[in-house]
Amino acid sequence: MRLLLAEDDPMIGAGIQRGLKQDGFVVDWVQDGRAAEHALAENVHDLLVLDLGLPRREGLDVLRAMRGRGDARPVLIVTARDTVADRVAGLDAGADDYVVKPFELTELAARIRALLRRSAGRTQRVLAHGDIELDPVTHETRVRGEPVALSAREFALLEALLARPGAILSRAQLEDRLYGWGEEVESNAVEVHIHALRRKLGADAIRNVRGVGWMIGKVAGTQR
Amino acid sequence: MNRTRSIRRELVLWLSAGLLAAIAVAAVATYVRARDEANDIFDYQLTQMAASLTGVPLTGAPPGSTSGAEAIVVQVWDRDGIRLYLSQPRQGLPRHTQPGFDTVATDAGEWRVFSTLAAGRIVQVAQPMSVRRELAAGMALRTIVPLLAVAPFLAVLVWFGIARGLRPLERVAVAVGERSPHALLPLPEAGLPTEVRPLVHALNGLLARLDRALGAQRAFIADAAHELRSPLTAVYLQAQLAERAGNDVERAGALAELRAGLERATHLVEQLLTLAREEPGVNERPFAPVNLTELARHVIGELASIAAARRVDLGMVGSEAPAGDAIVSGDAAGLRAMLSNLVDNAVRYTPAGGRVDVTVQRDRGDAVLQVRDTGPGIPASERTRVFDRFYRVPGIGTAGAPGSGLGLAIVKRIAERHDAVIALGPGLPGAGGEGLGVTVRIPTTQATGTEPERRIAD
């Protein structure tokens, strides 16, 4: 899952970015409100972690403009403003959750996962389709109950496909999920990772729709 | 018992004393006047009586029965001095041959004596003066008795009148009692007597100033708490990352970040303390002559290693000026904090390879301190706001941790204490931008040791 982090404090921003990366998220970090808006316009992030006291454009303004455009992506406010009035203002402006600084990184990651789950219409932590189960918290993948070892990128790719069963994801969309800004994207990386996943999960686990992209197999891995 | 002063009691006492004095004066005046009038009347009566006696046979009681007539003594002598008649046996009344009035002192008090010579006889009529005095005293008494009777009622009236007049003060006291540091509403001024209004008006002025000062304090504390949260969040995050670190390299990196975060939090707390110390009215140190040039050299020396670590060329320019060192009257600790903040700011915001020049000059009786750098500078539109505490120019970051946002607020506060003027302008052109030049002009008043009159902050 790819997140956008808008935080002006370099120390806090670097800390959150590093912590969330360790939890398996791809994190892009911007330091002011305008940069956040430009990044949101790219439409590649699944969730926005928003600090309120941003220079150039206030966090709440960014949030209101986002909701005004009909952008329904989950937004988690992370701020030092802790009064009830501030929380109410943040939630009323369209935020989905509100975390007050200082906070536990594990809690932040859990809240982000919960928001992502809810935005995908799921209530279960574990993503499951057919015989494949994927746990975003423990980073475990099982096929018919048997654990399968996946690399971080393979895991992220499978998570993206499982998150929207039935949807076809293009190469560009998948690349966006796998790589943050400034990360080198190898030309056939997606194919390489798909190939590896098919080898580990079964050939039918991922279907290719020629010229369009990839989707999770209809009854993936249900071999008799 | 500790007697407290009471306006009411004092007024009643003074008014009562005045009233009594007035009554006494009235009594004396009445007495004197009545006595004078009684003298005239009784003297006339004596002459009339003497005249009526000149031709009557000397038997029986003398005629006339006016008041005090019973006390009248009549004596008649013939030409040879033989007493022919004595109305009452009285001792000590001398024989008077001289016609006319006389007042005679006898064993039985003073007597008024009238003698007349007619038809070969000397008629002498005498009356004790006490009669007249008693009459006058009676008159005086009749005058003051009603006044004395009314006096207690007057005192009571005054007592209640004052209570009524002072009731607005009690209302003001209740209203003041209702005020608290959280609710410093002005006191109602309507319906107050003119004597009390200036007091209430002054109180309202004080309340308004207190409210503003408290509001500023509250805002400062809220700001400070908010600002402290950022470095603490950074430290907390780094501590968590250090705990999670899978290997020694990661852990060392996280711990280095943690240390940087702690330094930042410490710096912020120190800056907050400096600002609090420079708060007007707090710990004001007396002014003394301060060698600004020497102070600048000292501060540069302190920050030289930090500048070197950031590869910033920090130095002093024009310090060998023939005019000599600039001496100002001021607070050495405050001026040092100001210089330190200015130079530290310049070093902090100047990119590596840049330059920071410090100049101290004397100019037309002022000491002029200049700190110029090759950093990004401050856009003209931001130049007033940068003196607000916790305001940081957007888009201009420091190489390391963000600043406290208090540096220029501290500089401004100290400059105000010294009646100095701060100007922001371009600095030294360099790779980072137009640079920033801060000029502080401190008046060098001749009167050392005395602080110039401070402007009252509105």
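This is a predicted model: local features need pLDDT of at least 70, side-chain atom pairs count only at pLDDT 80 or more; totals for chains, interfaces and linings use all residues.
**Exercise 1. Chain B as a whole**

Task: Find how many helices and strands chain B has, and what percentage of chain B is buried.

Solution. 
- Step 1: The secondary structure of chain B comprises seven helices and 12 strands.
- Step 2: Of the 458 residues in chain B, 27% are buried.
- Step 3: Among contacts in chain B with a separation of 6 or more, 66% join residues 24 or more positions apart.

**Exercise 2. Packing of H4(B) and H7(B)**

Task: Describe how helix H4 of chain B packs with helix H7 of chain B, and name the residues that meet.

Solution. 
- Step 1: The description of two packed helices rests on the angle between their axes and the distance between the axes.
- Step 2: For H4 (residues 248-277) and H7 (residues 407-417) of chain B, the angle is about 20 degrees and the axes are 10 Å apart.
- Step 3: Angles under 35 degrees count as roughly parallel, so H4(B) is roughly parallel to H7(B).
- Step 4: H4(B) and H7(B) make a left-handed crossing.
- Step 5: From H4(B) come B:Gln271, B:Thr274 and B:Leu275, which meet B:Gly407, B:Ala409, B:Ile410 and B:Arg413 of H7(B).
- Step 6: By class, the residues of this contact are three nonpolar, three polar and one charged.

**Exercise 3. Nonpolar cores**

Task: Identify the residues that touch the most other members of the largest nonpolar core, and list the contacts of A:Leu50 beyond its neighbours within four places in sequence.

Solution. 
- Step 1: The largest nonpolar core has 68 residues, and those touching the most other members are A:Leu3, A:Ala6, A:Val49, A:Leu50, A:Leu76 and A:Leu161.
- Step 2: The most residues in this core, eight, come from helix H6 (residues 152-163) of chain A.
- Step 3: With neighbours within four places in sequence left aside, A:Leu50 contacts A:Ala6, A:Gly59, A:Val62, A:Leu63, A:Val75, A:Leu76, A:Ile77 and A:Val78.
- Step 4: Another core, of 44 residues, lies apart from the largest one and includes B:Leu314, B:Ala346, B:Val356 and B:Leu408.

Conventions
Residues are numbered from 1 along each chain as its sequence is written. Chains are lettered from A and ligands numbered from 1 in the order in which they are written. Helices (H or I, at least four residues) and strands (E, at least two) are DSSP runs, numbered from the N terminus. A residue is buried if 20 or more other C-beta atoms lie within 10 Å of its own, exposed if 12 or fewer, and partly exposed in between; C-beta atoms are placed from the backbone. Two residues are in contact if their C-beta atoms, placed from the backbone, lie within 7 Å. Axes are lines fitted to C-alpha atoms, for helices over the stretch in contact, and angles run from 0 to 180 degrees between N-to-C directions. Angles under 35 degrees count as roughly parallel, over 145 as roughly antiparallel, 65 to 115 as roughly perpendicular and the rest as oblique. A crossing is left-handed if the near helix is turned anticlockwise from the far one by less than a right angle, and right-handed if clockwise. Ala, Val, Leu, Ile, Met, Phe, Trp, Tyr, Cys and Pro count as nonpolar, Asp, Glu, Lys and Arg as charged, and the others, Gly among them, as polar. A nonpolar core is a set of buried Ala, Val, Leu, Ile, Met, Phe, Trp, Tyr and Cys residues joined through C-beta atoms within 7 Å.
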